Amino acid sequence: MERTEISKLGEFGLIKHLAEKIAVKHPSTVKGIGDDAAVIDIGEKYLLISTDMLTEGVHFDLTYAPLKHLGYKAVAANVSDICAMNGKATHITVSIGISNRFSLEAVEELYEGINAAAAAYNVDVVGGDTVSSLSGLTVSITVIGEVGKDRIAYRSGAADKELLVVSGDLGAAYMGLQLLEREKAVFESTPGVQPDLAGHDYILERQLKPEARVDAVAMLEQLGIRPTSMIDISDGLASEILHLCDQSGTGCALYEEKIPIDPTVVTAASDFKLDPTLCALSGGEDYELLFTVALADFDKLKGSPHFTVIGHMVEGAAAQLIARDGTAHPLTAQGWDAFFKNRGEETEE
Ligand code: ADP
Ligand code: MG
């Protein structure tokens, strides 16, 4: 029998491939595979369901991520997917695979973080599963939420000329990861050396204890704005913009100079000889919300320090990054093209 490497399809290619053979049977299934959460019609409201799994060595490294933070982050990442539908999370189930490397105290620490996040996001832990694992720790959380039928935002709703908006700032979680990885490497080559993390609180917090933007969802409602499309930024701005464009059937113009990046991220990026824009485009784990709004909503948004207009949708065109020098570049999932490669070489000299 033929053998195909999964790497040939990539994560999204694999999901697409599997989804082709999955048919929806119930009329109540409004949206199955393909958005941040599944959407089920339960009468007055829509029920939202989403799952996220984290595995040791791939998604987290316990040499620098405390178990308590890991628990918190796992919940936040799930709640973020409900926010991305413009909804409110209500319940979670928590499943763990643990090897005998983990003691009761270790699992308790993980649950301290899970419980802290459940309290912060006002969700009930209503079940889960516990299994043994041969290698390392796996944490899988399923979140349930709800949203008014007149409030829901899909990835597919963006239209020509609408404004592309992002909450908060981007690239910090990735810079935090770079810093932690660097200090881990230093520690491994010179045991006993204390990690040099001083003055980097913001990027470390963004990496180790990210928050789901439930506040941004509430603010949009208060401002009287219903996003026409929305997604959360777990994989990097570029990848998420491409999802919105792909599913909405439009292109967009993203302005580099508008991308919100914290000054401490710019400084840290320069230390690491990284391009800050590239960190925002392809870094990931920011858990900010990316959405589109009608042009008419601009006035409601413009005074808010929580939201930044970073571009607009363009029908019949590709997704493009307009660089600071005014040149246009195709946006790729890695946020990486010849443009950044060349610019990186220039700045390194
Ligand atoms: P997100 O980045 O928002 O967590 P993903 O990229 O993980 O979203 O998933 C995209 C869509 O694919 C979601 O609707 C998700 O439920 C679905 N999906 C992911 N993996 C599988 C799988 N193994 N089987 C079925 N559906 C999947
Ligand atoms: Mg998502």
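Student: How far is an oxygen atom of ligand 1 from an N or O atom in the side chain of Asp81?
Tutor: This is a predicted model. A polar contact is a pair of N or O atoms within 3.5 Å; within protein, one atom must be able to donate a hydrogen and the other to accept it, and residues adjacent in sequence count only if both atoms are side-chain atoms. The separation of the ligand 1 oxygen from the Asp81 side-chain atom is 3.0 Å.

Student: What pLDDT do local features need?
Tutor: Numbering starts from 1 along each chain as its sequence is written, while chains are lettered from A and ligands numbered from 1 in the order in which they are written. Side-chain values use heavy atoms, with hydrogens and water left out; totals for chains, interfaces and linings use all residues, side-chain atom pairs count only at pLDDT 80 or more, and local features need pLDDT of at least 70.

Student: How much of ligand 1 does the protein bury?
Tutor: A backbone N or O atom of Asp35 is 3.1 Å from an oxygen atom of ligand 1, and a polar side-chain atom of Arg155 is 3.2 Å from one. Taken alone, ligand 1 exposes 560 Å² (Shrake-Rupley method, 1.4 Å probe). Of that area, the protein buries 64%.

Student: Which helix gives the largest share of the shell around ligand 1?
Tutor: The residues surrounding ligand 1 (a heavy atom within 4 Å) include Glu11, Phe12, Ile15, Asp52 and Ser234. Helices (H or I, at least four residues) and strands (E, at least two) are DSSP runs numbered from the N terminus. The largest share, 3 residues, comes from helix α1 (residues 10–19).

Student: Which residues coordinate the magnesium ion (ligand 2)?
Tutor: Donors are N, O and S atoms within 2.8 Å of the metal (3.2 Å for Na, K and Ca), and water is not among the atoms, so sites may look incomplete. The donor spacing in sequence is D-x44-D-x150-D. At 2.0 to 2.1 Å, through OD atoms, the ion is coordinated by Asp36, Asp81 and Asp232.

Student: Why is helix α7 described as largely enclosed, and how many of its residues are buried?
Tutor: Buried means under 20% relative accessible area, exposed over 50%, and partly exposed in between (1.4 Å probe, protein chains only). Among the buried residues of α7 are Leu237, His243 and Cys245. The helix is largely enclosed by the rest of the structure because the buried residues number 9 of the 12.

Student: Which residues does Ile241 touch beyond four places in sequence?
Tutor: Ile241 is found in helix α7 and is buried, with a relative accessible area of 1%. Contact means heavy atoms within 4.5 Å. On that basis Ile241 touches Leu164, Cys252, Leu254, Leu290 and Leu331.

Student: With which residues is Ser239 in contact, leaving aside neighbours within four places in sequence?
Tutor: Ser239 also belongs to helix α7. At 5% relative accessibility, Ser239 counts as buried. Its contacts are Phe12, Leu281 and Ala333.

Student: Is Lys161 buried or exposed?
Tutor: Lys161 lies in the loop between β6 (138–148) and β7 (163–167). Its phi is positive, about 75 degrees, although Lys161 is not a glycine. With 52% relative accessibility, Lys161 counts as exposed.
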